[in-house]
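This report describes the fold of two chains and the place where they meet. Please consult the sequence and the three-dimensional view while reading.

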Amino acid sequence: MQELMYPFDAEFIIKKRKSLRRTLLADGSKRLKKKIAVFGGSTTNDIVVYLDLFLLNQGIEAVFYQSEYAQYWQDAMFPSEELLSFQPDIVFIHTTNRNISHYPTVKDDKATVQSLLDSEYARFEQMWTKIAETYHCPIIQNNFEMPFYRLMGNKDCSDYRGRMHFLTALNEKFYEYADKTEGFYINDINYVSASYGLKAWSDPSYWNMYKYAMCVEAIPFFSFNLSCIIKSVFGKNKKALALDLDNTLWGGVVGDDGVEGIRIGQETGESQSYYEFQSYIKSLKDLGIILTVCSKNDHQNAIAGLNHPEGALKPDDFIIIKANWENKDRNILETAAELNILPDSIVFVDDNPAERAIVSAQIPGIAVPEMDSVENYIMTLDGNGFFEVTTFNEDDLKRNEMYKANAQRAAQQATFADYHEYLQSLDMTAVIDDFLPVYLQRITQLSNKSNQFNVTTKRYTPTEMETVFESSEISSVTMGWCRLLSAKKMRKMPLCCTWNCG
Amino acid sequence: MDTKTLYARLNKVFQDVFDDDSITVNPKTTADDIDDWDSLEHITLINAVEREFKMKFKMGEISSMKNVGEMAQIIAARAKA
């Protein structure tokens, strides 16, 4: 739904929240059902209202448990029967700088402040451990936004007695924990509040009147950011970009202006903006996002434009280049079929509103962000959280290589007399192995990304998969794993088959 | 802004927030007259009214307004658009 795409109109969403929800629920799309427990250190009602909306839009229909006002710690440590039987799929801890129990004062010495920091942190870690043991599910924890006043002025950030300094140190400790803990994610409200504007965000009247830790109009931004982590954990990230060329990856029309006439590089502000956008796209490729071209151009002009010496992207960066005069929705459907991914896992990037309107009408579920002007391109794509990273490993780094090898194989296939001969030429070997810890991450990823060998269609979070690994009932959930090795271009391609006999 | 226009716009805000086109507010309308109007929805309502009329209620006013009439008086005195 376009109204819920970034950059959205928070005012409109707040006013229309009920009718938006009604429309989403009536659209007939199939959604994952998830249970989300929200442990709040402040009022959470509106946070849940908008989280629900954004998740519905991202393919997840959630039911919520909310702790009583500010009872997050008690709820986590001493769960009620109601909470235990709720069996959350994910726990979100909504704490903010309003929940710090003891801030340092200017009279404290260094040792005192250190012990305040340690005890504040210990309270959190104790809670996370307890939640992980009780529910074996992913945990999302807010970091801390910066305080709305600075007692010591600029020194507040560098002096150990300053609140800015204290919260920054506490955040660091949270990150260390996140870095070493699978299934534990930070909801970065320090960034979201800064991006929104800290002054407006922390308007104290909302805390004093309603016990909201942020102003009401900031809540949709907060909830959207949170929804990105949740949909990513449950395998709802987008996978590929279908990019237009003229006035999207460079300024001008290569077919009319010629390669030397298009604007890309370091010459002008405009060409620098396009260069910066190309560099951003190239970094997305390194994250494992598949790049494809979908452009109305003669193929040779498209290639010439992509070979512009000042450009950051080269033809080689793209797995598929569709530069022709077909309808774009048709090209995208073909791209999806060739990549063997669902059309709704594609993001279509085009400066032309008419093309965007057609594609979004023809392909249900495809994401079509509003690309209005080149200086906003990066922020629009980035702000939408299409590719929110919750796990990142070597396979992601190599994904583009793998897809490229697949595409080349498809081309090669055409030169063999029959399929059998082709298969033989690949010289494949299969290794069938037990569940080994080293495969845990990949198997979890596969269970979330593909139904092909996952006949139960059950999705597993890393924590759940670990439980399956360690489970004594492993015989009822049999998992096979095999690896195809090829002497030719194909590198390692792990496959995962899961079936549940129980 | 005349009273009639003010009430027409206010009425539209109520209809949007409570997702009910049958709502018609008058000066005597209170939270008791609208099913969903509880303290949580009140926050949403206040925000939507403030944005519609480009004005802000003072903290004390938000909890002391007794009916839509009192709300409309504050709006009339302070609305910028």
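The model is a predicted one, in which local features need pLDDT of at least 70 and side-chain atom pairs count only at pLDDT 80 or more, while totals for chains, interfaces and linings use all residues. Residues are numbered from 1 along each chain as its sequence is written, and chains are lettered from A and ligands numbered from 1 in the order in which they are written.

**Chain B**

Four helices and zero strands make up the secondary structure of chain B, and the pattern along the sequence is α-α-α-α. Helices (H or I, at least four residues) and strands (E, at least two) are DSSP runs, numbered from the N terminus. The C-alpha trace of chain B spans about 30 × 25 × 20 Å along its principal axes.

**Chain A and its domains**

Chain A contains 20 helices and 12 strands. Its domain assignment gives domain 1 (2-233), domain 2 (240-383) and domain 3 (419-500); such bounds come from an automatic or database domain assignment. Between the C-alpha centres of domain 1 and domain 2 of chain A, the distance is 35 Å.

A residue is buried if 20 or more other C-beta atoms lie within 10 Å of its own, exposed if 12 or fewer, and partly exposed in between, with C-beta atoms placed from the backbone. Two residues are in contact if their C-beta atoms, placed in that way, lie within 7 Å.

| Chain B | 22% of 81 residues | 61% of contacts |

**The five-stranded sheet of chain A**

An open sheet of five strands in chain A has the order β2-β1-β3-β4-β5, with parallel pairing. Two strands pair if DSSP finds at least two bridges between them. At the edges are β2 (60-66) and β5 (184-187) of chain A, each of which pairs on one side only. Neighbouring strands of this sheet are turned by 25 degrees against each other on average, direction ignored.

Why is β3(A) described as largely enclosed by the rest of the structure? Five of the five residues of β3(A) are buried, so this description applies. In a regular strand the side chains alternate between the two faces of the sheet. In β3(A), the buried residues A:Ile90, A:Phe92 and A:His94 lie on one side, and A:Val91 and A:Ile93, also buried, lie on the other.

Parallel pairing links β3(A) to two strands. Strand β1 (residues 32-40) of chain A is joined to β3(A) by five bridges, and A:Gly40 has A:His94 as its bridge partner. Strand β3 (residues 90-94) of chain A is joined to β4 (residues 139-142) of chain A by three bridges. Here A:Phe92 is partnered by A:Ile140, and A:Ile93 stands opposite A:Gln141.

Helix α5 (residues 110-135) of chain A lies across β3, β4 and β5 of chain A and runs at about 160 degrees to β4(A). Helix α10 (residues 219-233) of chain A packs on the sheet as well, touching β2, β3, β4 and β5 of chain A, with its direction at about 160 degrees to that of β5(A). Axes are lines fitted to C-alpha atoms, for helices over the stretch in contact, and angles run from 0 to 180 degrees between N-to-C directions.

**The four-stranded sheet of chain A**

Another open sheet of chain A has four strands in the order β8-β7-β6-β9, and its pairing is parallel. Its edge strands are β8 (320-324) and β9 (346-349) of chain A, each pairing on one side only. The twist averages 15 degrees from one strand to the next. Strand β7 (residues 290-296) of chain A pairs with β8(A) over five bridges, and A:Thr292 has A:Ile320 in β8(A) as its bridge partner.

**Where the chains meet**

Contacts between the chains involve 12 residues of chain A and 11 residues of chain B. On the side of chain A that touches chain B, the elements that give two or more residues are α1 (10-25) and α9 (204-210) of chain A. Of the elements on this side, α1(A) gives the most, with six residues. By class, this side of chain A has four nonpolar, three polar and five charged residues. Ala, Val, Leu, Ile, Met, Phe, Trp, Tyr, Cys and Pro count as nonpolar, Asp, Glu, Lys and Arg as charged, and the others, Gly among them, as polar.
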